Amino acid sequence: LPDEVIPLKAGVRVRVVQPPYAGEVGVVQKILSNVVSYPSGVRARSVAVEIDGVGTATVPLENLEILG
């Protein structure tokens, strides 16, 4: 287990672990209050992440790794 637990909130650096943004690092802009429906049919709680060179992307919580 990590020495410190970092809560997910605006301003936290994260890495996306699933396509289409896999491996990209960004900063959480906001946690979305509503469940988002994706083209694959998945419905998930999500966050808006600002990714360098990409812009703001909506990413499911399950596809994030907190960096700090």
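What percentage of the 68 residues in the chain is buried? The buried residues make up 28% of the chain, where buried means under 20% relative accessible area, exposed means over 50%, and partly exposed lies in between (1.4 Å probe, protein chains only). Before we go further, please keep in mind that this is a predicted model, in which local features need pLDDT of at least 70 and side-chain atom pairs count only at pLDDT 80 or more, while totals for chains, interfaces and linings use all residues. Residues are numbered from 1 along each chain as its sequence is written, and side-chain values use heavy atoms, with hydrogens and water left out.

**Overall picture**

The chain has seven strands and zero helices; here helices (H or I, at least four residues) and strands (E, at least two) are DSSP runs, numbered from the N terminus. The C-alpha trace spans about 35 × 25 × 20 Å along its principal axes. The radius of gyration is 12 Å, which agrees with the value near 11 Å that a compact globule of 68 residues would have. That radius is taken over C-alpha atoms, and the globule rule is 2.2 Å times the number of residues to the power 0.38.

The accessible surface of the chain comes to about 4,600 Å², and carbon and sulfur atoms hold 50% of it; such areas come from the Shrake-Rupley method with a 1.4 Å probe, and for residues only the protein chains shown count as cover. Of the contacts in the chain with a separation of 6 or more, 34% are between residues 24 or more positions apart, a contact being heavy atoms within 4.5 Å.

**The sheet**

Five strands form an open sheet in the order β6-β5-β2-β1-β7, with antiparallel pairing. Two strands count as paired if DSSP finds at least two bridges between them. The edge strands are β6 and β7, each of which pairs on one side only. From one strand to the next, the twist averages 45 degrees; the axes behind that angle are lines fitted to C-alpha atoms (for helices over the stretch in contact), and angles run from 0 to 180 degrees between N-to-C directions.

| Strand pair | Sense | Bridges |
|---|---|---|
| β1 and β2 | antiparallel | three bridges |
| β2 and β5 | antiparallel | five bridges |
| β5 and β6 | antiparallel | six bridges |

R13 stands opposite V27 in β2, and G26 stands opposite I51 in β5. I51 also stands opposite G55 in β6, while V47 stands opposite V59 in β6. β5 and β6 form a hairpin with three residues between them, and G53 in that turn has a positive phi of about 80 degrees. Most residues other than glycine have a negative phi, and most peptide bonds are trans. The bond joining P19 and P20 is cis, with omega about 10 degrees; P20 is found in the loop between β1 and β2 (25-31).

**The nonpolar core**

Which residues make up the largest nonpolar core? The core holds 10 residues in all: V12, V14, V16, V28, V47, V49, I51, A57, V59 and L64. A nonpolar core is a set of buried Ala, Val, Leu, Ile, Met, Phe, Trp, Tyr and Cys residues joined through side-chain atoms within 4.5 Å. The elements that give two or more residues to this core are β1 (13-16), β5 (46-51) and β6 (55-60), and β5 provides the largest share, three residues.

Is N63 buried or exposed? N63 is buried because its relative accessible area is 17%. This residue lies in the loop between β6 and β7 (64-66). Leaving aside neighbours within four places in sequence, N63 is in contact with R15, V16, V17 and Q18.

T56, found in strand β6, is exposed, since its relative accessible area is 54%. Again leaving aside neighbours within four places in sequence, T56 is in contact with A48, V49 and E50. The C-alpha atoms of T56 and L67 are separated by 18 Å, the two residues being 11 residues apart along the chain.
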